[in-house]
Amino acid sequence: MTTSTVSTLAPAASIPFYESVGRECELFEHAYRQRLPLLLKGPTGCGKTRFVAHMAAKLGLPLHTVSCHDDLTASDLTGRYLLKGGETQWVDGPLTRAVREGGICYLDEVVEARKDVTVVLHPLTDDRRMLPLERTGETLEAPDNFMLVVSYNPGYQHILKTLKPSTRQRFVALSFDFPPFDAECDIVARESGLPRERCQALVSLAARLRAMKGQDLEEGVSTRLLIYCASLIAAGMPVMDAARATLLEPLSDDPDVLCGIEEVVLATFG
Ligand code: ADP
């Protein structure tokens, strides 16, 4: 596994900004205190990762994040023997580190990972909260301050890449969507530095583009892309250039679809 798919953050000194859109912070905290694993569902770029970073900092927990991909195996999470200075040494993977040291292990896009990953997650997600390490012969018991959080995007999974009911029924689940208009304006303004009044037009445009999802577009424009667009505009880029680079090109490769989106963008800013 490439190390770029894993990051470990010590408890943050400052809490990353997260604008709550419901009672998700409360639910997260309850799940953590009751030692229950959490599943976050929702489209890409709608705030799931920021939410987990915010909650980890709020609860004073280290955060071990793994971006799952289709080559990711159970050993990438648990660890493996590596050759070091002529000797083989066991090196913990991010999941094992989180279980040994405590903290949140966040598996982003968990459905992308290989099937054997669910096998290691199962004993951790019921009341045993165990992580058996076959290779070292250890069985680790998760401490009270360990929490497993996984996310996936139900929107673009094909039938083979979805969570089996036997896995999803082990989690407390929370659905995410793009934030409501006012909240999204606040988020885009705060993250980009563009005045809120100017962000409003972008967020209204996003609503129109999101309405095209399913007909022409596989995914609606994300909050992340809106922030990119607003940041480029705040830095002085002409609005249409910024919109083309952030709201058109990333959404589709189909010239007809791009034309359709451009018309909507021009109707707003042209
Ligand atoms: P996801 O994990 O769902 O793909 P992210 O959490 O990375 O998406 O969100 C993308 C960006 O959108 C974040 O970096 C953050 O700037 C912004 N964002 C989205 N929702 C919120 C929110 N509710 N509060 C603060 N920032 C948000």
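User: A salt bridge is a side-chain nitrogen of Lys or Arg within 4 Å of a carboxyl oxygen of Asp or Glu. Which residue forms a salt bridge with Arg50?

Analyst: This is a predicted model, in which local features need pLDDT of at least 70 and side-chain atom pairs count only at pLDDT 80 or more, while totals for chains, interfaces and linings use all residues. Residues are numbered from 1 along each chain as its sequence is written, and side-chain values use heavy atoms, without hydrogens and water. The closest N and O atoms of the pair are 3.0 Å apart. The partner of Arg50 is Glu191.

User: How many salt bridges does the rule find across the interface of domain 1 and domain 2?

Analyst: Domain 1 covers 12–175 and domain 2 covers 181–269, with bounds from an automatic or database domain assignment. Their centres, taken over C-alpha atoms, are separated by 31 Å. Across this interface the number of salt bridges found is one.

User: How many residues of domain 2 are in contact with domain 1?

Analyst: Contact means heavy atoms within 4.5 Å. Domain 1 contributes 11 residues, and the number from domain 2 is 10.
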